[in-house]
Amino acid sequence: MFFRNTIKIVAVSVALLAFGAQAKTFKYELQDLHSSNGEIQYPGLNLNGASSVILTVDQASHSVPAMLTSLEINFPHAPGLLIGNFKADDQGWRFYSTVDDVWVYRQLDIAVDGFNAGNPNNAMVHIEGFVSEVENFIGKERSLNFEQRLFSVHGQLVDATPSKVVDVKSFTVDGSQVELSLKDNPAVDPNSSNGDMAFVIELLWLGEGKEVFHFHAPYGDESKFFEAYKLEVSTMPGPDGDETAVSIKAKDAQGMEFETHHIYLKDMLREAYEL
């Protein structure tokens, strides 16, 4: 059997380590996956139907280029790949890497197309692997021979950055308990057509079930570099007298604190539960 139990190769340059020291790490995965063998086919090496693709990206701020630091591709009928040491082209839309000793091959060239580092959400990403014909693929001259293509994978990029609960508040509304759980990392607001970011609050309302409320993050392109840490509760005058209002406290990459606008708790529940 020529397969290894797993193939995991990660190379990170000294420059990337220096970059990543103050960068924030984001995780993305591909949905609606499609993959196939390429023009080169080795007997018994089945690279069809990739089961998952995970991309790890480091970025210090919205004004600093993002770097693709690793790419993991898992196949149901072949050992997976974990690839690092990526280099970007001048536009930042194509990333390249080289992997040694993969399956039965001395070296593979990996190309990732369509990953827009400035606005990665919902992009269509295309990944190809080629049997290498040169000593160093990551050089000034990059030439892809499609007759040497080994596999092709493509899918829609979605944010999969892990997030944890950082604050919980409980209330009584109309005689039933409501629990709000705040997540630390913002996410793309599914209700926005512009890809706006939102802080995520998980709701548990006794008798009504679980829902998620996306609290608009009013910090523009920098929102994804903020981390929420507290639900701030206050009493504010409303149309029917004093009402409970909620805002979110967050910190930016430099540790500076900010507070969002307020929203009435009843309005939050009305929107989340479509009352």
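This dialogue walks through a predicted model and shows how some of its features can be read.

Reader: How many helices and strands does the protein have?

Author: Helices (H or I, at least four residues) and strands (E, at least two) are DSSP runs, numbered from the N terminus. Here the protein has 2 helices and 19 strands.

Reader: What share of the residues counts as buried?

Author: Buried means under 20% relative accessible area, exposed over 50%, and partly exposed in between, with a 1.4 Å probe and protein chains only. In this protein of 275 residues, 45% are buried.

Reader: Which residues of helix H2 are buried, and why do they line one face?

Author: The general idea is that an α-helix has 3.6 residues a turn, so residues three or four places apart point the same way. In H2, which spans residues 265–272, the buried residues are Leu 265, Met 268, Leu 269 and Ala 272. Seen down the axis of H2, these buried residues fall within an arc of 95°, so they line one face of the helix; the arc is that of the directions from the helix axis to the C-beta atoms. They pack against several strands, among them E11 (165–173), E12 (176–183) and E14 (197–205), where a contact means heavy atoms within 4.5 Å.

Reader: How do strands E11, E12 and E14 pair?

Author: Two strands pair if DSSP finds at least two bridges between them. E11 and E12 run antiparallel and are joined by 8 bridges, with Lys 169 opposite Leu 180 in E12. E12 also pairs with E14 in the antiparallel sense, over 5 bridges, and there Ser 181 stands opposite Glu 202 in E14.

Reader: What lies in the turn between E11 and E12?

Author: The two strands form a hairpin with 2 residues between them, and Asp 174 in the turn has a positive phi of about 55°. At 69% relative accessibility, Asp 174 is exposed. Asp 32, in strand E2, also is not a glycine and has a positive phi of about 55°, and Asp 32 is exposed with a relative accessible area of 57%.

Reader: Which residues have the most contacts inside the largest nonpolar core?

Author: In soluble globular proteins, nonpolar side chains tend to be buried together. A nonpolar core is a set of buried Ala, Val, Leu, Ile, Met, Phe, Trp, Tyr and Cys residues joined through side-chain atoms within 4.5 Å. The largest has 36 residues, and those with the most contacts inside it include Leu 71, Trp 103 and Phe 151. A second, separate core of 27 residues includes Phe 213, Phe 226, Ala 250 and Met 268, and Met 268 is one of the buried residues of H2.

Reader: Is Tyr 229 buried, partly exposed or exposed, and what does its side chain contact?

Author: Tyr 229 sits in strand E16, residues 227–238, and counts as partly exposed at 26% relative accessibility. Its side chain makes a polar contact with the side chain of Glu 257 at 3.1 Å; a polar contact is a pair of N or O atoms within 3.5 Å, and within protein one must be able to donate a hydrogen and the other to accept it, while residues adjacent in sequence count only if both atoms are side-chain atoms. Tyr 229 and Glu 257 are 28 residues apart along the chain, and their C-alpha atoms are separated by 9.8 Å.

Key
Residues numbered from 1 in each chain as written. Predicted model: local features only at pLDDT ≥ 70, side-chain atom pairs only at ≥ 80, totals over all residues. Heavy atoms only, no water.
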